[in-house]
Amino acid sequence: MFGRNKLGAAEYLIVGLGNPDKKYENTRHNCGWLALDYIADKLCVRVNKIKYKSFVGEAEINGKKALLMKPTTYMNNSGQAVVEAMNFYKIKPENVIVIFDDVSLDVGKMRIRQKGSDGGQKGMRSIIYLSGSDAFPRIKIGIGAKPNPNWDLADWVLSKFTDGERETLDKMFENAFEAVKLITDGKIDRAMNIFN
């Protein structure tokens, strides 16, 4: 059965939030997917199997088994995918690391939190609501605030990154990868000290 083969059962879920359609590729709102792709690349893992309403791939981080997930439920229903995988593997929220975009942070900024509210991020809201817990470690990657207050927020988050911003993001994704390694090693405080 998938998930219980050579690596055994997953102990961690590493989840990047985003939207599956082609039109959302490389948009600000898909920052979680972009970060997860980067992490998968560093781990030489392909996130291409379909399971738990997600694209998934198995990895080993610090000797621990992890499932990399890109939910395909659309952002606002991310909890459906995450909770399904949590239930299957009996993974507690503390072992589910969620990576997503944050409009309150500039591009090139990253913030790690151990738990807390959704902060207005609807994918996170869905995960908290459906799981009944807010104890998820999360990595928030800055996508920048709206350049013009009259812009619609949805239009802004669905806009594409500039080339310069993408270069900056790759550095952030490297930091996110390092943070994931620390968190799966039980060192979230250290990750927060380094990267916040």
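1. In which helix is Ser126 found? In this predicted model, Ser126 belongs to helix H3, which covers residues 122-131. Its relative accessibility is 8%, and because buried means under 20%, Ser126 counts as buried.

2. Helix H5, made up of residues 163-184, packs with helix H6, made up of residues 188-195, at an angle of about 155°, and the axes of the two helices lie 7 Å apart. Since an angle over 145 degrees counts as roughly antiparallel, H5 is described as roughly antiparallel to H6. The handedness of the crossing between H5 and H6 is right-handed.

3. On the H5 side of this packing, the residues that take part are Asn175, Glu178, Ala179, Leu182 and Ile183, and they meet Ile188, Arg190, Ala191, Ile194 and Phe195 on the H6 side. Sorted by class, the contact of H5 with H6 comprises 7 nonpolar residues, 1 polar residue and 2 charged residues.

4. Asn26, a residue other than glycine, has a positive phi near 60°, and it is placed in the loop that runs between strand S1 (12-16) and helix H1 (31-42). With a relative accessibility of 33%, Asn26 falls between the limits of 20% and 50%, and it therefore counts as partly exposed.

5. As to the cysteines, the number of disulfides in the structure is 0. Cys31 has a relative accessibility of 0% and so counts as buried, whereas Cys44, at 72% relative accessibility, counts as exposed, because the exposed class begins over 50%.

How values were computed:
Residues numbered from 1 in each chain as written. Predicted model: local features only at pLDDT ≥ 70, side-chain atom pairs only at ≥ 80, totals over all residues. Heavy atoms only, no water. Axes fitted to C-alpha atoms, helices over the stretch in contact; angles between N-to-C directions. Helix = DSSP H or I, 4+ residues; strand = E, 2+ residues; numbered from the N terminus. Parallel < 35°, antiparallel > 145°, perpendicular 65-115°, else oblique. Left-handed = near helix turned anticlockwise from the far one by under 90°. Contact = heavy atoms within 4.5 Å. Nonpolar A, V, L, I, M, F, W, Y, C, P; charged D, E, K, R; others polar. Disulfide = S-S within 2.5 Å. Buried < 20%, exposed > 50% of the residue type's maximum accessible area, 1.4 Å probe, protein only.
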